[in-house]
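Here is a quick tour for anyone opening this model for the first time. Have a look at the sequence and the fold, then read on.

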Amino acid sequence: MSPQNEECRLASLHSLRILDTEPEERFDRITRLAKKLFNVPIALVSLVDKDRQWFKSANGLNARETSRDISFCGHAIHTNETFIVEDALKDQRFYDNPLVTQAPKIRFYAGQPITSPSGENIGTLCIIDTKARRLNKQDIASLTDMAALVSNEFTSLQLATIDELTSITNRRGFKRVSQHCIELAARQNKHCHLAYFDLNNFKTLNDNYGHRVGDQVLKVFAQEMKKTYRMSDICARIGGDEFVVLLTNTHIETAKRVIKRFANNLISVSKQLNIPYQISFACGVVTYDENAHADIEHLLNDADKAMYKNKCNR
């Protein structure tokens with residue numbers, strides 16, 4: 001069973017772009033503390049995706065994910081309270097669960113939902129034991145407080161990687177997430193392309209109409225990016241009037257068609273602005289090559305060069 005707000009919940013989870021990323025000390029520190037505080041063999045920061053639960057931090061468990069349909073955390077996200085199973089063997093919902101009958105042989109489970117910056121339950125901070133047990137009110141309060149720390153880390157992470165003006169990813173966030181994406185694409189032998197945009201005549205716009213109007217144009221540009229590109233693509237403002245989008249698992253011809261559609265969308269939206277300015281851009285597109293691009297910074301540099309070359313040739 002899925003929560004009533006499942007579509008919004010998944011969108012909120014995916015917007016964090018944290019699934020399948022490397023472990024981080026900020027989360028591992030919390031599971032280490034939970035494991036010690038509650039004297040349990042396993043403590044997890046679990047994120048519940050569409051068909052799986054994935055562990056951002058797993059202390060005492062080697063697995064990185066399990067199927068959602070057998071997960072305890074899949075039940076815990078339905079409530080804002082601590083979800084507790086004192087003895088799984090005596091619980092009709094879990095007594096024959098593979099996680100109970102086989103390793104890790106769960107008997108006790110307590111999971112406190114963790115929330116996204118927009119408030120949806122995206123997973124849990126949970127503690128697990130191989131023997132039945134109970135939690136008192138003080139224990140539950142402590143687990144709730146620790147789960148709030150995890151939620152705060154997600155909020156801090158998002159704030160540090162979001163451009164304040166346009167509300168899309170900033171350069172720092174783009175480099176952090178896209179590096180993981182290109183590495184994953186290389187392992188899966190999938191195509192990955194970076195488009196680098198530079199707005200045309202933006203300085204003249206600011207000089208003639210002021211920065212308030214310039215900021216409005218930047219916001220419109222970012223909004224149209226989000227409307228045009230897929231949720232799986234990474235759109236970012238990397239500085240000034242420069243934007244990028246990383247398109248994954250698509251062919252270069254498709255990427256170019258989408259860029260053309262994006263340009264046409266900007267023509268339409270520009271007519272709605274009360275200024276004599278047509279939003280347009282110079283663009284460079286580079287296909288990721290693991291032999292030519294050591295990291296995302298090299299890919300950015302090549303795309304910037306391609307954009308500048310196209311700008312000069314216009």
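Which side chain does Arg230 meet in a salt bridge? The partner is Asp233, at 2.7 Å from N to O. A salt bridge here is a side-chain nitrogen of Lys or Arg within 4 Å of a carboxyl oxygen of Asp or Glu. Arg230 is partly exposed, with a relative accessible area of 38%, whereas Asp233 is buried at 3%. On that scale, buried is under 20% relative accessible area, exposed is over 50% and partly exposed is in between, using a 1.4 Å probe and protein chains only.

Before going further, keep in mind that this is a predicted model: local features need pLDDT of at least 70, side-chain atom pairs count only at pLDDT 80 or more, and totals for chains, interfaces and linings use all residues. Residues are numbered from 1 along each chain as its sequence is written, and side-chain values use heavy atoms, with hydrogens and water left out.

The structure holds 21 salt bridges. One of them joins Arg52 and Asp49, 3.3 Å from N to O, and both of these residues are buried. Another joins Arg237 and Asp163, at 3.3 Å from N to O. Arg237 sits in strand β8 (residues 234–239) and Asp163 in the loop between α5 (137–160) and α6 (171–187), so this pair ties together parts that are 74 residues apart in sequence. Helices (H or I, at least four residues) and strands (E, at least two) are DSSP runs, numbered from the N terminus. Arg237 and Asp163 are both buried.

Salt bridges can also join up: Glu24, Arg26, Lys56, Glu153 and Arg176 are linked in a network of them.

## A buried Asp without a salt bridge

Now for Asp28, in helix α2 (residues 25–38). Asp28 is buried yet has no salt bridge, and the nearest side chain of opposite charge, Arg32, is 5.3 Å away. For charges, Lys and Arg count as positive and Asp and Glu as negative, while His and the chain ends are not counted.

What does the side chain of Asp28 make a polar contact with? That would be the side chain of Ser57, at 2.7 Å. A polar contact is a pair of N or O atoms within 3.5 Å; within protein, one must be able to donate a hydrogen and the other to accept it, and residues adjacent in sequence count only if both atoms are side-chain atoms. Leaving aside neighbours within four places in sequence, Asp28 is in contact (heavy atoms within 4.5 Å) with Pro23, Lys56 and Ser57.

## Rings that pair up

There are 13 aromatic pairs in the structure. Rings of Phe, Tyr and Trp (its six-membered ring) pair if their centres lie within 6.5 Å; planes under 30 degrees apart count as stacked, over 60 as edge-to-face and the rest as tilted. With centres 4.1 Å apart and planes at 10 degrees, the rings of Phe72 and Phe94 are stacked. Phe72 is buried at 2% relative accessible area, and Phe94 is buried at 1%.

Phe197 and Phe221 form an edge-to-face pair, 6.1 Å centre to centre with 70 degrees between the planes. Phe197 belongs to strand β7 (residues 192–199) and Phe221 to helix α8 (residues 211–228), so distant parts of the chain, 24 residues apart, are linked. Ring pairs also link Phe197, Phe221, Tyr229, Phe243, Phe262 and Phe281 into a cluster.
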